[in-house]
Amino acid sequence: MEAEACEIGRLPEELLSAALSRTSPRDACRAAAVSPAFRAAADSDAVWACFLPRALPPLADGELLAPAPPPRKKDLFLRLSDSPVLLPGKLVSMWLDRETGAKCYMLSARDLYIVWVDTPQYWSWIPLTDSRFSEGAQLRNVCWFEIRGTIQSNMLSEDTIYAAYIVFKLDEHSSGLDNPAQEASVSIAETNLTRKVCFHGYDDDGEAGGVPENYRPMSLLPPQRIRRRNRRPVPHGENVGQPQKRADGWMELELGEFFNEGGEDGEVSFSLLEIKGGHWKSGLIVQGIEIRRKKSG
């Protein structure tokens, strides 16, 4: 194997770079560990320019300046795939999928349409210390629950399967979010997909999924509502989507997936509703809606 690597290493760097640019970021990083000749080609701007999207969106001032601007294309790719950067206005963040270089986004709660969000009786804005966004929307008490968001399809990577997720937390006083289930939908062009989802998850014993340990609940004004004596969430059928814990301490709930075909301009819209049951709901904190590449399997 070492002999084969040495033979390949004798090829011109331009030829090695051309071959590596047709692989993936992961393959290029692996090739860099094979030999010094491979490393020079695998780290070259010619290779990593192919992994970066052809059109990156403009970023908010100073987003790539700390601690210093990335000197190479590889450094830029790794910086953008390591953590989100803010776009102008600081209401949307963007990062790259490390496996493919696909552009991913999060729309902050401020960038979403939330019914009654500016009525303090129903919603309030609270500071966030564990997010790129400065604030999130806290649900106080509503019976008409409606959240919508949109993104232009040309901001996304072509010929890529995406999924949309609402990123949230539940405080210890949450109520009314387990039953009835919410209706989630994702629409692009003439395609509209709808599914049932629920903010509460369940383990194998049917118990509700817990709030991440590093989350300290926010205080709520005592709403006027009827409490169930047993606050254990009501289990739903197998076709109801349930949330997952994230590494950053938040929860996420998939709203649906879609395929973004190449070269098409248009709008992708997302919604999450529960407007039929008439039940009062409270105790939800919304960071935003995330749109990222859907990994196979």
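**E254 and K294.** I looked up the side chains of E254 and K294 and found them joined by a polar contact of 3.2 Å. I count as a polar contact a pair of N or O atoms within 3.5 Å; within protein, one must be able to donate a hydrogen and the other to accept it, and residues adjacent in sequence count only if both atoms are side-chain atoms. The model is a predicted one, in which local features need pLDDT of at least 70 and side-chain atom pairs count only at pLDDT 80 or more, while totals for chains, interfaces and linings use all residues. Residues are numbered from 1 along each chain as its sequence is written, and side-chain values use heavy atoms, with hydrogens and water left out.

I placed E254 in strand β12, residues 251–260. Helices (H or I, at least four residues) and strands (E, at least two) are DSSP runs, numbered from the N terminus. Apart from neighbours within four places in sequence, E254 is in contact (heavy atoms within 4.5 Å) with A163, A164, Y165, R195, V197 and K294.

**Charges over rings.** The criterion is NZ of Lys or CZ of Arg within 6 Å of the ring centre and within 35 degrees of the ring normal. I noted another case at W250, where the charged end of K169 sits over the ring, 4.3 Å from its centre.

**Aromatic pairs.** I searched the whole structure and got eight aromatic pairs. Rings of Phe, Tyr and Trp (its six-membered ring) pair if their centres lie within 6.5 Å; planes under 30 degrees apart count as stacked, over 60 as edge-to-face and the rest as tilted. Y162 is buried, with a relative accessible area of 0%, and F258 is buried at 5%. Buried means under 20% relative accessible area, exposed over 50%, partly exposed in between (1.4 Å probe, protein chains only).

For F168 and F199 I read ring centres 4.8 Å apart and planes at 80 degrees, so that pair is edge-to-face. F168 lies in β8 and F199 in the loop between β10 and β11 (244–245), so the pair ties together parts 31 residues apart in sequence. Both residues are buried. Ring pairs also link W123, F145, F168 and F199 into a cluster.

**Cores.** Which residues have the most contacts inside the largest nonpolar core? I found W123, F199 and F270, in a core of 58 residues. The largest share of this core, five residues, comes from β8. A core here is a set of buried Ala, Val, Leu, Ile, Met, Phe, Trp, Tyr and Cys residues joined through side-chain atoms within 4.5 Å. Leaving aside neighbours within four places in sequence, the contacts of F199 include F145, I166, F168, L253 and L284. I noted a second, separate core of eleven residues, among them L86, C104, M106 and I285.

In α6 (residues 73–82) I listed K74, L76, F77, L80 and S81 as buried. Seen down the axis of α6, they fall within an arc of 160 degrees, so they line one face of the helix. The arc is that of the directions from the helix axis to the C-beta atoms. Their cover includes α3 (25–32), α5 (45–51), β1 (85–86) and β2 (92–96).

In α2 (residues 13–20), L16, S17 and L20 are buried. Down the axis of α2 these fall within an arc of 100 degrees, so they too line one face.

**D45.** I placed D45 in α5, partly exposed at 38% relative accessible area. D45 and K73 are 28 residues apart in sequence and 5.2 Å apart in space, C-alpha to C-alpha. Not counting residues up to four places away, D45 touches R72 and K73.

**Backbone.** I found a cis peptide bond between N179 and P180, with omega about 0 degrees. P180 is in the loop between β8 (160–175) and β9 (182–188).

Two residues other than glycine went down with a positive phi: D159 at about 50 degrees and A189 near 55 degrees. D159 is in the loop between β7 (145–152) and β8, and is exposed at 51% relative accessible area. A189 is in the loop between β9 and β10 (191–197), and is exposed at 66%.
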